[in-house]
Amino acid sequence: MEASENERLEQSESFLPDSDLVSSSSGFSSTISVDDSRISSTSDDISTTSGSSGEIPAAEMPRILEPGTSVSLRTRCVGSNNGVNWGFNSVIGRRKEMEDAVAILPGFMSRTCDHVGGCTAPGLSNSADPSPVHFFGVYDGHGGSQVANFCAERMHKVIAEEWDRETVNGFEWKRKWEATLSSAFERTDNEVTTGEVAPDMVGSTAVVVVLSSCQIITSNCGDSRAILCRGTQTIPLTVDQKPDRHDELMRIEGEGGRVINWNGARVLGVLAMSRAIGDRYLRPWIIPVPEVTFTTRSDEDECLILASDGLWDVMTNEEVGEVARRLLRRLRRSSVSNEIPPAQSVAESLTEIAYSKNSDDNISIIVVDLKSKRRRLPRR
């Protein structure tokens, strides 16, 4: 390693807390479901902590596909021969109440490749092979935890149901996913109201990633955020929906609303985001309409990070990406066996860093290691 790279490594690792702190704040589990997704423990510095990690074995992923006949389509899935390793941490931090919620559902759907990226040429037998599709979601509640918890229990189920229900004339997979996610967010929002889940003044952000072997599909309402670490790049997969974002400001004012600067830009001086699930008292200015993005997976992809603004309020995308890349690479190179997967260590480290930088909010972080099972050359 060159001297300049060593200096950058030392600089990024200066963010990292002591190893004893990093490993003390979460439990460990090899599998996770809706019911067991919150494994609780305690920490001296951050109270009410939950965390977990898991792995989706490579055997459960679709096999490498033979090259297709169409040069315009991918001939294989980038993630087809790699397992998916993930970890998360969710802590109350300096808040009096925990209003964040996290949902991780490996294989929550099974769909053919041409429904999640078209990575094989149409008509080939491989294009009809089912592939597991994985779900990751972070929900940051405000005014109470009811809506965030409801989203963590329901959103993935509604998405799966809406996929089966949704039809698009002249079927095209991107359009179907956009319609599915928009319908699912709206339906979840309606269920919050009709089911009397929470008072009208309670709401939640929602950042969701649907991960297949070839695509990263992101759907976002609010100011929770998702990023992709690809090589040396940190790529934002979402854009915060803030009241002073030009297009959101125009929409709110066009509906007769006002954005007032009260400790930051807020809708009617109250809410610091312009889209959310719930918050019926601020309709039509606060809407549950997600922004959906599609990112084709690459061999250079390192990891996905989803988090609530307890992280993003004190660290930039680039700072988070740099810490994640450096720590993942260091842990992958390490010859010391460790029962804690690298993704879990990154989630815990980022939590500790955010707390040490005086984050005053709940902090919830999911890290998905996209290179966890790739063959690596031995160190010389």
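**Close-up 1. The largest pocket has a volume of about 520 Å³.** This is a predicted model, in which local features need pLDDT of at least 70 and side-chain atom pairs count only at pLDDT 80 or more, while totals for chains, interfaces and linings use all residues. Residues are numbered from 1 along each chain as its sequence is written, and side-chain values use heavy atoms, leaving out hydrogens and water. A pocket here is an open set of points on a 1 Å grid over the protein atoms alone, where a 1.4 Å probe fits, with protein on both sides within 12 Å along at least five of seven lines; lining residues have an atom within 4 Å of a point. The volume is the space filled by probe spheres set on the points.

**Close-up 2. Here is the lining of the largest pocket.** Of its 22 residues, Arg-95, Arg-266, Ala-272, Asp-309 and Asp-361 are the closest to the centre. Strand β5 gives the most, with three residues.

**Close-up 3. Trp-173 meets Phe-294 in an edge-to-face pair.** Their ring centres are 5.5 Å apart and their planes stand at 90 degrees (rings pair if their centres lie within 6.5 Å, and planes over 60 degrees apart count as edge-to-face). Trp-173 belongs to helix α4 (residues 173-194) and Phe-294 to strand β14 (residues 291-296), so the pair ties together parts 121 residues apart in sequence. Both residues are buried (under 20% relative accessible area, with a 1.4 Å probe and protein chains only).

**Close-up 4. The charged end of Arg-94 sits over the ring of Tyr-355.** It lies 3.9 Å from the ring centre (CZ of Arg must be within 6 Å of the ring centre and within 35 degrees of the ring normal).

Conventions: Helices (H or I, at least four residues) and strands (E, at least two) are DSSP runs, numbered from the N terminus. Rings of Phe, Tyr and Trp (its six-membered ring) pair if their centres lie within 6.5 Å; planes under 30 degrees apart count as stacked, over 60 as edge-to-face and the rest as tilted. Buried means under 20% relative accessible area, exposed over 50%, partly exposed in between (1.4 Å probe, protein chains only).
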